[in-house]
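I opened the model today to look up a few features. My notes follow in the order I took them.

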Amino acid sequence: KDYRASSALGAGGLALADGALRADRIARAGVGVSIPVLTGRTGPLGLDLNAGYGFTRHRSNDVFYNYSTHVLGVGVSVSY
């Protein structure tokens, strides 16, 4: 995303000398799986084990907005 009114900041918190506006690049990816468990014992109920992973990479010409995140989730769902 390009910002129209936000100056990119350097490490000292001041606007960059070239007057560049902030420009960000964000990439996201994720994967998830749902595995049915105890299908022969739950009758009309569905019981699933869920797991997922997410990744975000955020890069900017503003030094305060460069980061990467990893998210891992595990859960159980019940359906009827």
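**Salt bridge**

I looked up charged pairs and found the side chains of Asp24 and Arg22 meeting in a salt bridge, 2.5 Å from N to O. The model is a predicted one. I counted one salt bridge by the rule used here.

I then checked how covered the two partners are. Asp24 has a relative accessible area of 6%, so I noted Asp24 as buried, the limit being under 20%. Arg22 has a relative accessible area of 10%, so I noted Arg22 as buried too.

**Overall layout**

I listed the elements next. The protein chain has zero helices and four strands, and from the N terminus on the order is β-β-β-β. The radius of gyration is 22 Å, well over the 12 Å that the globule rule gives for 80 residues, so the protein chain is more spread out than a compact globule. Along the principal axes, the C-alpha atoms fill a box of roughly 70 × 20 × 15 Å.

I also looked up burial for the whole protein chain: buried residues make up 15% of the 80 residues. The protein chain exposes about 6000 Å², and carbon and sulfur atoms supply 60% of that area. Of the contacts with a separation of 6 or more, 47% are between residues 24 or more positions apart.

**Thr56**

I placed Thr56 in strand E3, residues 46-60. What does Thr56 touch, not counting residues up to four places away in sequence? I found Ile26, Ala27, Arg28, Tyr67, Ser68 and Thr69. Thr56 has 16% relative accessibility and therefore counts as buried.

**Leu38**

I checked backbone angles as well. Most residues other than glycine have a negative phi. Leu38 is not a glycine, yet its phi is positive, about 50°. I located Leu38 in the loop between strand E2 (21-36) and E3.

**Nonpolar patch**

Last, I looked up the nonpolar patch on the surface. Val33, Ile35, Leu45, Leu49, Val74, Val76, Val78 and Tyr80 form this patch, with about 870 Å² of accessible area together. Which strands each supply at least two residues of the patch? I found E2 and strand E4 (67-79). The largest share, three residues, comes from E4.

I picked out Val78, which lies in strand E4. At 54% relative accessibility, Val78 counts as exposed.

How values were computed:
Residues numbered from 1 in each chain as written. Heavy atoms only, no water. Buried < 20%, exposed > 50% of the residue type's maximum accessible area, 1.4 Å probe, protein only. Contact = heavy atoms within 4.5 Å. Salt bridge = Lys/Arg side-chain N within 4 Å of Asp/Glu carboxyl O. Patch = residues over 30% accessible without salt bridge, like charges linked within 9 Å, V, L, I, M, F, W, Y side chains within 5 Å. Areas by Shrake-Rupley, 256 points an atom, 1.4 Å probe, with all protein chains shown as cover. Rg over C-alpha atoms; globule rule 2.2 N^0.38 Å.
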